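User: Hi! Could you walk me through how to read the strands, rings and charges in a model like this one?

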Amino acid sequence: MSDLSDLQLALQQLLRRYAPRQLTLAYSGGLDSQLLLHLLVAPCQTLGITLTAVHIHHGISRHADAWAEFCQQQCQKLGVNFKLHWVQLQGRSALEQQARDARYQVLTDYVTARDSALVTAHHANDQLETLLLALKRGAGLAGMAGMAESRPFGKGLLLRPWLNFSRQQLEHVARALQLSWVEDESNQSAEFDRNFLRLEVIPKLSERWPALITTSARTSQHLQQALELADYYTERALADCATPDYLDLQQLALQPALQQDLLLRKWLARTGLNPSAQWLSTLKQQVIAAREDAQPCLMLGCWQLRRFQQRLYLLPELPVVPKDYTPSLHCGQRLLLPAALGELSCQLQPEQGALPAAGTAFQLAFGSLSQTFKPVNQPGKPLKQWFKLWQVPPWQRQRIPLLLQGGELQVVAGYQSSVAASAASCWINWQQPG
């Protein structure tokens, strides 16, 4: 049984390479995960790995309760920890994706340490299906590379030991070991894209080209290597372009055009964003290449892309200060500001970062960019000109607290005061969140 020894060797090599201490198996009870469960028991015992099998009850099939009971019984026989989770899906729309997302949401909670991992029984047939689906939607290199043997997941890893083995090989071993497994009747419905490929497309392709599953697995390996190499150089280039707050567009422009797209994608991926090629083209044309005095803004989900002074900023959608918000601030008072702007205080004693002020009560305002402001020992200018000199991004200018007395702008919180420290009777401190 060379197939059995090959499968066992692949498992042992993977477990030794990544050395997880806690291993979670995505266990449906079907052929693939049933075989993986049985073949994991021995190496996990040998290597001192804690193995847990997690079964997700989707509630879709009338046989779902029986499948859960079967899985529990199998784990009891093998002495493997078993966990059962119920998930609630919303209607029949995008059922495949809903079920997948729900499964991985649950499984993430089991991978909570660097030395923990999720293992799945994906095989070469699954990889070919993934490749064809990526081709259908016009995916880039990351999509066409398919599933990787390992990738970050939760706080640990997701491992797929059998991507180089066909389902036929797995079934051959499972039958030789006289295993039983559950059969999901939905797998026979061509309504779902993967099933359509599995039932109608791949059999015809394999009939014409019998080695297709093996050669496509090799193609995925080549693409994975190309992806890893591209990621390596992109990360190195991104270190020259990105700061924790923004992307330096002058540094970005020094990169080759193709590398620029990869850099933008990698930068956005840090926030979990994966835009379409069309959206990325719009970003380059309407934001990055906008005229110098423009204030471009492009939305991506609930995030804003803004450009200022050859810097690209990725910002959450900012709450707006209510127009009727014009409270007073008195000496000795602390004021919690709206729109996630933090706290403003007026104290008798100076604190680090506080600005001098004169008086006992101030009117609070926002905006008022045409208001004249005269910092200490400097000429008076409209506030908007000072903001330009201070290089305050346009989207922040409406969110800076302004303190007035008798209609005169005395303090621009966080920036400047028109009162000298020697003449101060109180001090204004703006504690911004984060």
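This is a predicted model: local features need pLDDT of at least 70, side-chain atom pairs count only at pLDDT 80 or more; totals for chains, interfaces and linings use all residues.

Analyst: Happy to. Residues are numbered from 1 along each chain as its sequence is written, and side-chain values use heavy atoms, with hydrogens and water left out.

User: How many bridges join E4 to E6, and in which direction do the strands run?

Analyst: The general idea comes in two parts. Strands (E, at least two residues) and helices (H or I, at least four) are DSSP runs numbered from the N terminus, and two strands pair if DSSP finds at least two bridges between them. Here strand E4 (residues 116-119) and strand E6 (residues 156-159) run parallel and are joined by 3 bridges. E6 also pairs with E5, through 4 bridges, and these two run antiparallel. There, proline 152 stands opposite leucine 157 in E6. The hairpin of E5 and E6 has 2 residues between the strands, and glycine 154 takes a positive phi near 55° in it.

User: In what order do the strands of the open sheet come?

Analyst: The order is E7-E10-E9-E8, 4 strands with antiparallel pairing. Strand E7 (247-248) and strand E8 (297-300) are the edges, each pairing on one side only. Between E7 and strand E10 (residues 311-316) there are 2 bridges, again antiparallel, and leucine 247 stands opposite leucine 312 in E10.

User: Now the rings. How many aromatic pairs does the structure hold?

Analyst: For the general idea, rings of Phe, Tyr and Trp (its six-membered ring) pair if their centres lie within 6.5 Å; planes under 30 degrees apart count as stacked, over 60 as edge-to-face and the rest as tilted. The structure holds 11 such pairs. One of them is tyrosine 104 with phenylalanine 153, edge-to-face at 5.8 Å centre to centre with 70° between the planes. This pair links distant parts of the chain, with tyrosine 104 in helix H4 (residues 95-108) and phenylalanine 153 in strand E5 (residues 150-153), 49 residues apart.

User: Are tyrosine 104 and phenylalanine 153 buried or exposed?

Analyst: Here the scale is relative accessible area: buried means under 20%, exposed over 50%, and partly exposed in between (1.4 Å probe, protein chains only). Tyrosine 104 has 13%, so it is buried, and phenylalanine 153 is buried at 6%.

Another pair is phenylalanine 387 with tyrosine 415: the ring centres are 6.4 Å apart and the planes stand at 70°, so the pair is edge-to-face. It also links distant parts of the chain, since phenylalanine 387 is in helix H13 (residues 383-389) and tyrosine 415 is in the loop between strand E19 (408-412) and strand E20 (416-417), 28 residues apart. Phenylalanine 387 is buried, with a relative accessible area of 0%, whereas tyrosine 415 is partly exposed at 29%.

User: Which residues form one aromatic cluster?

Analyst: Phe373, Trp386, Phe387, Trp390 and Tyr415 do. By the rule used, a charge sits over a ring if NZ of Lys or CZ of Arg is within 6 Å of the ring centre and within 35 degrees of the ring normal. The charged end of lysine 381 sits over the ring of tryptophan 386, 5.0 Å from its centre.

User: And how many salt bridges does a search of the whole structure find?

Analyst: Side chains of opposite charge can pair when their charged atoms come close. The cut-off for a salt bridge is a side-chain nitrogen of Lys or Arg within 4 Å of a carboxyl oxygen of Asp or Glu. The search finds 13. Among them, arginine 175 and glutamate 171 meet at 2.9 Å, N to O; both lie in helix H7 (residues 167-176), 4 residues apart, about one turn of the helix. Arginine 175 is exposed at 53%, while glutamate 171 is partly exposed at 24%.

User: Which residues are linked in a network of salt bridges?

Analyst: The network links Asp231, Glu235, Lys266 and Arg270.
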